[in-house]
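Here is a short report for a reader new to this structure. Please look through the sequence and the model first.

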Amino acid sequence: MILKRLGISVFVLLAVSLLVFFFTLLLPGDPAQAILGQQATPERLAALREQLDLNAPWYERYLSWLGGLLVGDLGTSAATGGSVNALLASKVSASVVLMAIAAVIAIPVGLLLGTWSAMRRGRAADQGLTGISLVLAALPEFVIGVALTTLLSTTVFRLLPSVTMAAPGTRVWDYPLQLILPTLTLILVVVPYMIRMTRTTMADVLDSGYVEMARLKGLPERQVIFKHALPHAIGPVAQVIAMQLAWLAGGIVVVEFLFRYPGLGQAMVDAVNTRDVQVVQALSMIIAAFYVIVNLLADVVGILANPKLRTESRS
Amino acid sequence: MRRSEQRARAAARANASGANAPRNAPKATGRGSDRATAGRRADDRGGVVPRAVVPRASVDTAITVSHLSVGVAGGELILDDVSFRLHPGRILALVGESGSGKTTAALACMNHLRAGLELRRGTVELHAGASRFHPEAVDLLTLTERGTRGLRGGTIAYVPQDPALSLNGSLRVGEQIAEVLRAHEFGRDARERDARVAEVLTEVGLPSDRAYQRRFPHELSGGQQQRIGIAMAFACRPAVIILDEPTTGLDVATQDLVLKTVYELTTKHDVAGLYITHDLAVVAQVADDVAVMLRGTIVERGAAWDVLHHPEHPYTRTLLDAVPDMAGAREMGGGPAVAPVHSVRAPWDDGRGGDDDAGPSRSRDASTPRGGEAARGRGSGVVVEPRAGTEAGGSDPSRDASEVPAASGPGTAGGDRASVEPVVAVRELWMAYGPAVILDGISMDLPAGRTTMLLGESGSGKTTLSRSVAGLNDRYTGQVLLDGHVLAPGTRQRTREQRQRIQYVFQSPFSSLNPRRSIGDSLQVPLEMNGELSRAQRRAAVADALDAVRLGRSYIDRRPGDLSGGERQRAAVARALVNAPSLLVCDEITSALDVSVQASVIELLRELQRERGLAMLFVTHNIALARHISHRLAVLEHGKLVEYGPTDTVLRDPRHEYTRSLLEHVPTLESAG
């Protein structure tokens, strides 16, 4: 069963690579022209086209690009002429750090608050939490980011840096303080969904026959929740967490732009501006791969948390 | 020493109950031998579990519930002044329909009120000495959460209604039993608890090895799951056990086994039992005392035998009437059986003979010309027909060769011509999923005005067969003929007229009606599909159908949520009727319903058949209904038709092992003790 999911994932990635390739092909403008500017002579344009391999038929270009992807070579940047790998390495790792911190904090917080809310269903604490999470879920990430900046870094308190300084040769995590605002923004964006979904799922589970039975067996409440209820909520909740993490990969574009954070998102914005097709393709594939992997993980968690699916996959 | 004392007590009890209440012989011996084997098993393992652990009841009463009133928070009463006592070694059956408050009363004995309910008044007293955990008498309803938790599962145990919902799907069954023991600190160490898990599994008749304990609930059958539920409840050797309709949804053989286990364990361990059910036939099998509940109050109580044989309250009599009767001699649901035992004259004889055993529904026949004619038409009577089963996977060649299909028996009037040519015929139906053969060469006839009951356990292929007939399953090979014309396998390839003539009623009225649509809208759908009628005409047709199922046209704008289970199932039948079908396929349509509601639905189907001359295919696992609804009986096992013939013939002379075992285990009122 897990192998089947894996196969589907590979297929999805292949399909995505085709789409990405064709859509970047359709981008307006000629990459050679974009690089050389309006004043370029036809000879130089032709030479650059030759160099970028733009004259070869599309399938040859696709296959050589795909081949490069498979061995980890993302190609050559049209804008800088350097390797895309080198260009993106630091940015990708900066973004991954941001997302990892956000995920590590958001997932347990979301699960615990959601469970807690479900256990106090209908009481003031639950209603308050539901209201707050609804408001937060409704706010777009840039609003949250701007609000946090106003609150913590400019107008009200001046505690944290509002933009990221990344001097050449240093890495973003050398200055942990500047990570706080972007991480907090990401967390506030994804946690409300996790809380709401966990609450709904747990509420259903807590109403179920086996939880009532566990209570009627005289088990301590903690055991009822963590041993009997939570494993049943994990599967559906994992799907939501996956969706949120996948969103992180895309939503990070806005948040990084907001805080001038030198990550994936900024690289994407720059690449589109300079018509750097190779970089756009590479970033699209990285984000797509992240989506697919996160969803695959959620499926695997769902399968492992459900003995019925697990035993089926064994046989 | 101690053990011999117990045996003496058990024997004395058995004798006593035998003396004051005659049990039927086979059951008594069955129980006796079971108890004997259980005793032997316990002896074998005497060294593993110290016998001293078994608590003997030293008190006369374990729990007294007095003046218990429970209501919806801020609303009406669910329980109104309910009182009863539970005695060690005896089972009290609390009988009533869904919604009568019996589960609420039972859960109150565990100080558990479901969300939205509140206690108004009353006490639940656990008597001094009844529990190892509470030496003094205590009112359960005043206990703290912690105190309650200590009693639940250990002193007072609960067996849930539906083990599929109540066992935790993500925990291994052995662990689910072991955790009760751990929570109540049963035994001195893990080794003793492991031994107890294995022992209690043996006590409920399940394998006790490691591999079995490591299974998950979904790897067990329904009956095994329920026995795990019972093992869980008996694990700590409780003083009181509460069983909430534990046999709902099980076939009769499994039900019988579960009931025997319950009876044996309560008597052997001197446990006070509270058994909740809506089925008086089950009461007859296990209970010593009965309390009948109606809308939150106990309307009748007494010893089981007295209540079942001399009911005083009219409601008790209604419940008794609803119990299907294998002999078919008794009326069920306001009408006589359609295929009673040989000696009882068939009810459709009324067109020719005297009228002395006329049922209440008979008068309606006379007033409906078509019904009367149809009734006369069926005058041949099943009893004189030879056993059918010519084409049907007959394992017995002598039967196959000599016999004529039932429908061609000596006939009289026009109605019989319809049954000579079956409305729907099935020929050599075969289907397989990979190597698993689901249907194995099935042939049967479904004549007009007759009901064929299709029996079989789950997985025998009975639903697949009925779905194939209705065109909901198109992957079969073989033929389904309607009036002699071969039908395309799937509904989409069948013509509109063909689709209209075969209608299907689903098992659960709770999921087959769209809760967001009014009954009228749901019933109109099949009419909209054929697109011939105007809006007003459609509404009129729907109203007629609702009248036909005795719901009345006032239901047209109501939603399924406002209706009871029985009313919903009637609405579902009405939906099948709006197209005036020739064949009604009823897939387990009464198995989700209370016994009394089941009786009324059966009555409805019989009347509809008389009025409209419908052919019916009635799929069920409840053989007890056979004589009340079916003219012919077909038994399916592993996709093979192992039994097929007139109901009376099959029931009197079952050829196949499975049919025999079903017949053996049918609970009857006569077994009351």
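## The model

This is a predicted model. Every value below is computed from it.

## The second largest pocket

Start with open space. Rolling a probe the size of a water molecule over the atoms shows where empty space is left. The second largest pocket has a volume of about 790 Å³. Its lining is made up of 32 residues. Closest to the centre are Glu97(B), Ser98(B), Gly99(B), Ser100(B) and Asp594(B). Four elements of chain B each give two or more residues to this lining: β2 (77-86), α3 (102-108), α23 (565-577) and α24 (595-612).

What kinds of residue line the second largest pocket? The lining holds 14 polar, 10 charged and 8 nonpolar residues. Where does this pocket lie? Domain 1 (33-322) and domain 2 (347-667) of chain B both contribute lining residues, so the pocket lies between them.

## Nonpolar cores

The largest nonpolar core has 92 residues. Which of them touch the most other members? They are Phe84(B) and Ile242(B).

## A buried aspartate in chain A

Asp126(A) sits in helix α6 (residues 124-138) of chain A. Is Asp126(A) buried or exposed? Its relative accessibility is 3%, so Asp126(A) counts as buried; the cut-off for buried is under 20%. Apart from neighbours within four places in sequence, Asp126(A) is in contact with Ser117(A), Arg120(A), Arg121(A) and Arg199(A).

## Two arginines with positive phi

Turn now to the loops. Arg260(A) lies between α10 (221-258) and α11 (264-273) of chain A, in the loop. Arg260(A) is not a glycine, yet its phi is positive, about 50°. With 42% relative accessibility, Arg260(A) counts as partly exposed.

Arg550(B) is in the loop between α22 (535-548) and α23. Its phi is positive at about 60°, although Arg550(B) is not a glycine. Arg550(B) has a relative accessible area of 35%, so it is partly exposed. The partly exposed class runs between the buried limit, under 20%, and the exposed limit, over 50%.

Technical notes
Residues are numbered from 1 along each chain as its sequence is written. Chains are lettered from A and ligands numbered from 1 in the order in which they are written. This is a predicted model: local features need pLDDT of at least 70, side-chain atom pairs count only at pLDDT 80 or more; totals for chains, interfaces and linings use all residues. Side-chain values use heavy atoms; hydrogens and water are left out. On a 1 Å grid over the protein atoms alone, a cavity is a set of points where a 1.4 Å probe fits but cannot get out, and a pocket is an open set with protein on both sides within 12 Å along at least five of seven lines; lining residues have an atom within 4 Å of a point. Grid points are joined across faces, edges and corners, and a volume is the space filled by probe spheres set on the points. Ala, Val, Leu, Ile, Met, Phe, Trp, Tyr, Cys and Pro count as nonpolar, Asp, Glu, Lys and Arg as charged, and the others, Gly among them, as polar. Domain bounds come from an automatic or database domain assignment. A nonpolar core is a set of buried Ala, Val, Leu, Ile, Met, Phe, Trp, Tyr and Cys residues joined through side-chain atoms within 4.5 Å. Buried means under 20% relative accessible area, exposed over 50%, partly exposed in between (1.4 Å probe, protein chains only). Contact means heavy atoms within 4.5 Å.
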